[in-house]
There are 4 protein chains.
Amino acid sequence: MSSTFGHAFRIHTYGESHGGAVGVIIDGCPPRIPINREIIQAALDRRRPGQSDIVTPRKEADEAEILSGIQDGVTLGTPIAISVKNTDQRPGAYDEMAAKYRPSHADYTYDAKYGIRALSGGGRASARETIGRVAAAAIALQVLKQQYPALEILAWVKSIQHLVADVDPATVTAADIEGNIVRTGDPVMAPAMIDHIKAIRSEGNSVGGVIECVIRNCPAGLGEPIFDKLEADLAKAMLSIPATKGFEIGSGFAGTQLTGREHNDPFVMENGRVRTASNRSGGIQGGISNGEDIFFRIAFKPTATIMTNQQTVTSEGENTELQGKGRHDACVLPRAVPIVEAMATLVLVDHLLRQRTLHAPTAE
Amino acid sequence: MSSTFGHAFRIHTYGESHGGAVGVIIDGCPPRIPINREIIQAALDRRRPGQSDIVTPRKEADEAEILSGIQDGVTLGTPIAISVKNTDQRPGAYDEMAAKYRPSHADYTYDAKYGIRALSGGGRASARETIGRVAAAAIALQVLKQQYPALEILAWVKSIQHLVADVDPATVTAADIEGNIVRTGDPVMAPAMIDHIKAIRSEGNSVGGVIECVIRNCPAGLGEPIFDKLEADLAKAMLSIPATKGFEIGSGFAGTQLTGREHNDPFVMENGRVRTASNRSGGIQGGISNGEDIFFRIAFKPTATIMTNQQTVTSEGENTELQGKGRHDACVLPRAVPIVEAMATLVLVDHLLRQRTLHAPTAE
Amino acid sequence: MSSTFGHAFRIHTYGESHGGAVGVIIDGCPPRIPINREIIQAALDRRRPGQSDIVTPRKEADEAEILSGIQDGVTLGTPIAISVKNTDQRPGAYDEMAAKYRPSHADYTYDAKYGIRALSGGGRASARETIGRVAAAAIALQVLKQQYPALEILAWVKSIQHLVADVDPATVTAADIEGNIVRTGDPVMAPAMIDHIKAIRSEGNSVGGVIECVIRNCPAGLGEPIFDKLEADLAKAMLSIPATKGFEIGSGFAGTQLTGREHNDPFVMENGRVRTASNRSGGIQGGISNGEDIFFRIAFKPTATIMTNQQTVTSEGENTELQGKGRHDACVLPRAVPIVEAMATLVLVDHLLRQRTLHAPTAE
Amino acid sequence: MSSTFGHAFRIHTYGESHGGAVGVIIDGCPPRIPINREIIQAALDRRRPGQSDIVTPRKEADEAEILSGIQDGVTLGTPIAISVKNTDQRPGAYDEMAAKYRPSHADYTYDAKYGIRALSGGGRASARETIGRVAAAAIALQVLKQQYPALEILAWVKSIQHLVADVDPATVTAADIEGNIVRTGDPVMAPAMIDHIKAIRSEGNSVGGVIECVIRNCPAGLGEPIFDKLEADLAKAMLSIPATKGFEIGSGFAGTQLTGREHNDPFVMENGRVRTASNRSGGIQGGISNGEDIFFRIAFKPTATIMTNQQTVTSEGENTELQGKGRHDACVLPRAVPIVEAMATLVLVDHLLRQRTLHAPTAE
């Protein structure tokens, strides 16, 4: 279902980039989870434009308003509605879009699908839609932590075009990542990445890269066999983020170069717990978490909005040229890091709640 | 939902590898679609073991029995149940599994999730589960062809470990792929791939590789924005196939090396139709098909079953060694080709039916 | 799923009675459906308190704000978010509720389920929740009318306690029903019903009754066999309305007094169309509409809020007495009429869109 | 979704009455629930034709075959497939059906919906479809009993046409109900009911009636507010049973004759537990169980198949007459009793598993 994600912990997002508001309803959230506006706002602030000098300079405040489901700082178990008004509406800057399809954007495909589309901004295809996801994940994280306090979900920029960071998924910290505006976990590579993004932007061009994510201290047993494998739901979650072109988990595409003897992860007992001596599986086997670190990588293409004239067609079917102008993110990855974390969180919380259905509470 | 795939065209699979049967119920299939047992059986025969001398020699006939939903060679619109009996049951060959977790298999994670697991064969984690998917897709393909006769879905082996085939997604044919037992589209590379798989098998080892898939003549407008993007559903579908570790569409991970100027696909009018001059988007923009070829690649890890002694633990938590014996596929890719096609077909048919909900039949 | 209704045309409601807002997201609505705020507001005005002197005097304006999904008076095909602020918040009037369970309300069961509940007003159990349903149905009705312009959905008060109206489902009009504040279709009985409600209210007591609903000019073929039978979905929809205790369709409970010979509806050809000579089936056979009038009745219990002291317990488990005070609807039926119509509309539109999936547009 | 019931504990049924088999897949069933073929078979035997001399004399054995999901007498947590072959196929007896629409059956509406229908027997509209429901409920009951051993679900025949049984829902036992072939709980009325059914059958006519059901020792807290209220899901479940025309819970339609003062259920403390002094609510308040007995009634119309010539039309649109012949149930209620229990069980188990998602296991 298009704007719904999750089965047990479900989110429903809404909102065009230049309509009245964007937001989310969260349904299925357990009751009595401590949550406040500050936790949600802090999550949104990591995602919002204008937060540093390598992201789009739009100054949307993205203020979260909680409309329902939370009372005196705890969840009620009822739907939680969170709304963020669209304050920085500048439809004038996009007038050309109404007539011309922007290359590698969704203007044409929305028209092909619906026979109509939002004529200001990216409409529903705008990255503003991810506000609802990030807000929902801020709540989801508290649900996960209630049951598994040690669980951690961290994402970082692994590469910007050809610049590859050296980051150890087992040890990287949130402080490492937030310590630089490009949100890589490698302090040595960070300045080069920042310089590269600025240089690309000054040319009116754009770049992409790879984001890596790790889930640490995930309990064994999450994920469903067959279609809702944990890695399948993660893949879907990540490919639902705008501008993504690929997903790989554990050994990924590089793992195809190994033989079975090199690739298999031997089991070993460690402090009375079943562990694997290596982790090419990436923490998931047969669709179910095995308790090891879950780590995966997502490819982001270069931003489609560039400051160059481009060949295109009008919605009336005439060849034309689109002029490059307006505001743009030369590289979306720094702002995509919290979105990757958010989607990973939403996948996990859904599987956590689904896992609860399988076993009678021990108190009974 | 674990064993359900799809929203409008829904399949529900069941069956352990060594239980009574494996099968599928298809619900939501339109009525009056011509289908017969031969179409389904032919699809299953492409997937079954023992079909060539580079796949596992088990001789399961995999005979499809249609129990409901089809009358005189056409669908009734009611649930279609297809069952395949498990005839080649040799539980004795797997006795060790009951006690020892096979490395990089799902034995341990099933125990962690359920507190119990099938003790013969891979149970639900066996590739036999995919029989239901392939049978359902044989029907789904007829639904797609009813509305879009020119639509084609083709997959092939792109690489086996380091051996990479040269295949043009725009022109490769089913005959090219079925013309060799490894199911690559490159007749020059096929013998080397076959020899490599045989050599690896003779060592009791295994290899993986990459499968590529193309969807040609797909109408524009399929796929839903936000969470059920066409590429997101394809990613989930592919990562739900056993042994997969990665998915990339269009320019994929390599696309992160390009700048926006190099990566964007200019729009051009061609015979009154909106086309793109290049296709780095891979036929999907903003989650919706644009009418160009949809192509993607899936990484398969080397088979976990190998004929080598491996370090592991027992289900009672003792370190031990697992002896390599029994039957195995040294390389699953040739048999995975029809499964990749099947999952792509199931994604497409679901989005086709969902697209129908958006437009009144008479208004068009 | 708790706050979601529908499969193809889906609504998600949110909001406590005394929180920030109540509202709805509509997902799956077809594009290019003409809709404006006035249509939605008019629907809400029929439902709101304070509209006549036999309903609760609370003066909530219930102003609909459309946040997304509609542009220049037509739907975009994207989620439509509608929000109504809670303006008349008087938590003080309900202080006792925080400590004492109101008899035949949901205070105790919410605590039993969630371990927490909204302490002001009825929270999520308040009839304010139905605002989102009514707003969504105003849009749904336009979707139905686009394809079936003659389709009509009308509900009316059939009885208030012992007072039974004489209304012919085949001919009653919206004007008949809206012509009196009790919303019955019987102008003769209306004054007696109104007087009875006023008398009951003056005693601080309350009454219930029966609402009847007819769907005219419904096409044959809507509804799904087995679980999602049209009457099953109508039953669920109606029993999801607060204060309902029963549902019957066609001949209903009275039909159990007839024999098969008396009850069966003979088929006859009429102007080239298959019709039934009688309509004890109530327009649905085997879960699927047959083109005849669909008519059903819903029992509403007397309002639980009364101005009498009642025996009850505190949330700490002490026996106590609840004093009758505050504002109340002595009879909810006049305001429930548009809610019944709304739920019937939401059931129909969902089945309309689902029916579209079964037939290729071009093949018809 | 047409042939799917439930969200957490989901069943998918399939099968035409005269196809190869009917059956069910159960998905989401918790692991390690003790179950064996005998439990399932015993449930099916209560539903099957030919079990007494007041039901249809067809001698279908209805033998359950378990194809997956159960090993050594316990569930694996994986999909449980149960299949029952159609052995008593006598398509010849129904030839007329292919050409003539049987009054008050689903022949015409299936054609209207699908443009095709099963030409032998009732196809999917046959009561044979309920076999899958009954088999699934036999398993569901064990899941409920694992957590709530004292929970009981009992249904009985409350009335046959004008003959009304005197049964106390609080005390009636399974032995009372199974003690007579009409399955009423009133031993005095049973002979009169049996005689009436025989007399009606001898005339080639049919009768309906009311089935009542009670759920005792249900925990408080099951059911979801808003759309998936426990009574709403029960209403849907019951109206999904063939031949049903009405549902009422607690005080039902008769409750509309009371005032609020008479109808409200006062709360009282009893042995440290919150109880209600009366139970007009029927054990559910605000959609959520309150721990009191849940009781409800379902209206069944007289069987549509009668041994009388009836006016009807052919599928080609010609007026004609249908001759009464073949086998029929003059009264479906005795066999519908286990189906009512089955559907109640399926509603409860689904809400039990959903309730588990809301609270972290205490063991964590």
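Predicted model: local features only at pLDDT ≥ 70, side-chain atom pairs only at ≥ 80, totals over all residues.

Tutor: Residues are numbered from 1 along each chain as its sequence is written, while chains are lettered from A and ligands numbered from 1 in the order in which they are written.

Student: How many helices and strands does chain A have?

Tutor: Helices (H or I, at least four residues) and strands (E, at least two) are DSSP runs, numbered from the N terminus. On that basis the secondary structure of chain A comes to 8 helices and 18 strands.

Student: What radius of gyration does chain A have, and what does the globule rule give for 364 residues?

Tutor: The radius is taken over C-alpha atoms, and the globule rule is 2.2 Å times the number of residues to the power 0.38. Chain A is as compact as a globular protein of that length, because its radius of gyration is close to the value from the rule for 364 residues. The C-alpha trace of chain A spans about 65 × 50 × 40 Å along its principal axes. The radius of gyration is 21 Å, and the rule gives 21 Å.

Student: What rotation superposes chain B on chain A?

Tutor: Copies are superposed by least squares on the C-alpha atoms of residues with pLDDT of at least 70 in both. The shift along the axis is 0.0 Å and the RMSD 0.0 Å, for a rotation of 180°. The two copies are thus related as by a two-fold rotation axis. The same surface serves both copies, since 100% of the contact residues of chain B recur in chain A, and the rotation is 180°.

Student: Which helices of chain A each supply at least two residues of the side that touches chain D?

Tutor: This contact takes 17 residues from chain A and 17 residues from chain D. The side of chain A that touches chain D consists of 8 nonpolar, 7 polar and 2 charged residues. The helices asked for are α3 (130-147) and α8 (333-356).

Student: Which strands are the edge strands of the open sheet of 10 strands?

Tutor: Two strands pair if DSSP finds at least two bridges between them. The order is β9(A)-β8(A)-β10(A)-β16(A)-β11(A)-β11(B)-β16(B)-β10(B)-β8(B)-β9(B), with antiparallel pairing. Each edge strand pairs on one side only, and these strands are β9 (163-164) of chain A and β9 (163-164) of chain B.

Student: In β11(B), which residue is the bridge partner of G246(A)?

Tutor: Strand β11 (residues 244-249) of chain A and strand β11 (residues 244-249) of chain B pair in the antiparallel sense over 3 bridges. The partner of G246(A) in β11(B) is E248(B).

Student: Why is strand β2 of chain D largely enclosed by the rest of the structure?

Tutor: In a regular strand the side chains alternate between the two faces of the sheet. R10(D), H12(D) and Y14(D) on one side of β2(D), and I11(D) and T13(D) on the other, are all buried. Strand β2 (residues 10-14) of chain D is therefore largely enclosed, the buried count being 5 of the 5 residues.

Student: Which residue in the turn between β2(D) and β3(D) has a positive phi?

Tutor: β2(D) and strand β3 (residues 21-27) of chain D pair in the antiparallel sense over 5 bridges, and one bridge partner in β3(D) is I25(D), for H12(D). The two strands form a hairpin with 6 residues between them. The residue with a positive phi, of about 115°, is G15(D).

Conventions:
Buried ≥ 20, exposed ≤ 12 C-beta atoms within 10 Å, placed from the backbone. Contact = placed C-beta atoms within 7 Å. Nonpolar A, V, L, I, M, F, W, Y, C, P; charged D, E, K, R; others polar.
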